[in-house]
Amino acid sequence: MEMARSLVISFPFWTVLLISVSTNGVQGEPSFFAMFVFGDSLVDNGNNNHLNSLAKANFAPYGIDFSEGPTGRFSNGKTLTDILGEIIGLPLLPAFADTIIQGENISWGVNYASAAAGILDGKIWLCMVWDSKFLLAGLGPLGCIPSQLSIGFAPPGECRPGVNDIVHMFNVLLRSLVDQLNAEYHGSIFVYGNTSGAFSELMNNAKTYGFTVTDSGCCGVGRNQGQITCLPGFYPCQDRDQYLFWDAFHTSEAVNKILAHRTFTGPPSDCNPVNVKQMAQMWVLPRSKQNFSAVRCIKKLEFCLNFSLL
């Protein structure tokens with residue numbers, strides 16, 4: 001019997017990721033068949049190359065560890081969604097802009113993500129979601145990224161507590177919203193992704209994971225290599241797998257790998273009440289049996305996005 005499956009993953013402010021999938025549950029087949037990504041620079045795979053925007057990463061040294069070189073990914077290598085797609089069993093997704101310009105194959109999905117979220121309004125993609133599974137990932141500890149540390153208001157060796165206090169306030173509200181959505185919309189599955197907790201645990205145990213630099217970007221200039229982010233002609237660090245951050249704002253490929261695997265198979269402290277792998281094994285009610293108000297659900301999710309931009 002064919003089982004409809006769709007998954008929405010949302011990283012408010014940083015990224016908004018939509019995965020829509022279906023599978024018939026046959027052993028050995030991938031758990032998801034298509035993935036649609038919406039978000040910002042953390043998962044942009046080249047859409048901003050075609051936009052009138054200063055936020056671009058289609059130049060060296062970006063992509064220094066990526067097989068195709070600089071493609072517009074704001075990373076030294078693969079993004080979190082690239083790696084999550086690999087875990088699921090999907091090829092790399094085409095950028096939405098490339099599907100228009102080059103006619104790329106979209107049978108396994110599309111990446112709409114754009115640095116500064118410049119392609120689609122959140123209302124548009126939320127209207128597309130039915131019979132879906134959602135992973136709403138909280139904000140990471142933004143007070144710990146090099147661009148924030150470079151301002152100089154944090155105690156030596158610590159993050160900016162004021163920024164992380166705001167992050168915590170947002171995440172508490174998001175966790176509450178996930179519980180509310182699960183109680184109201186029985187035809188869908190909502191999961192809270194504890195980005196802040198997972199990343200903080202990684203930072204606090206950096207040496208265990210093989211990281212030696214936790215407060216500076218691998219590519220950048222100034223205090224914490226975060227006052228000016230990576231630009232053409234900059235020379236990045238050589239030991240990139242030992243850095244938490246690739247540039248002033250974005251995590252390294254090494255971190256993306258860890259977070260992607262924790263998203264897929266992590267414990268309840270990472271994804272609650274279930275992880276992505278467990279979500280793939282769960283049924284959702286057919287739409288005809290759902291007590292589902294798309295408008296109400298959209299407004300609640302839109303609140304999260306608007307709050308995160310304050």
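In this predicted model, the link of Cys218 and Cys237 is left-handed, with -110° about the S-S bond. The sulfur atoms of this disulfide lie 2.0 Å apart. Cys218 sits in the loop between strand 7 (213-217) and strand 8 (220-221), while Cys237 belongs to the loop between strand 9 (228-229) and strand 10 (243-245), so the bond ties together parts that are 19 residues apart in sequence. Both Cys218 and Cys237 are buried.

A disulfide also joins Cys219 to Cys230, with an S to S distance of 2.0 Å. Here the torsion about the S-S bond is 70°, and the link is right-handed. Distant parts of the chain are again connected: Cys219 is in the loop between strand 7 and strand 8, and Cys230 is in the loop between strand 9 and strand 10, eleven residues apart. Cys219 and Cys230 are buried.

Another disulfide is found between Cys144 and Cys159, whose sulfur atoms are 2.0 Å apart. The torsion about their S-S bond is about 110°, so this disulfide is right-handed. It bridges 15 residues, from Cys144 in the loop between strand 5 (133-137) and helix 4 (146-149) to Cys159 in the loop between helix 4 and helix 5 (161-184). The two partners can be told apart by their accessibility: Cys144 counts as buried because its relative accessibility is 4%, whereas Cys159, at 22%, counts as partly exposed.

A search of the whole structure finds three disulfides. As for Cys271, its relative accessibility is 4%, so this residue counts as buried.

Terms used
Residues are numbered from 1 along each chain as its sequence is written. This is a predicted model: local features need pLDDT of at least 70, side-chain atom pairs count only at pLDDT 80 or more; totals for chains, interfaces and linings use all residues. Side-chain values use heavy atoms; hydrogens and water are left out. A disulfide is a pair of cysteine sulfur atoms within 2.5 Å. Helices (H or I, at least four residues) and strands (E, at least two) are DSSP runs, numbered from the N terminus. Buried means under 20% relative accessible area, exposed over 50%, partly exposed in between (1.4 Å probe, protein chains only).
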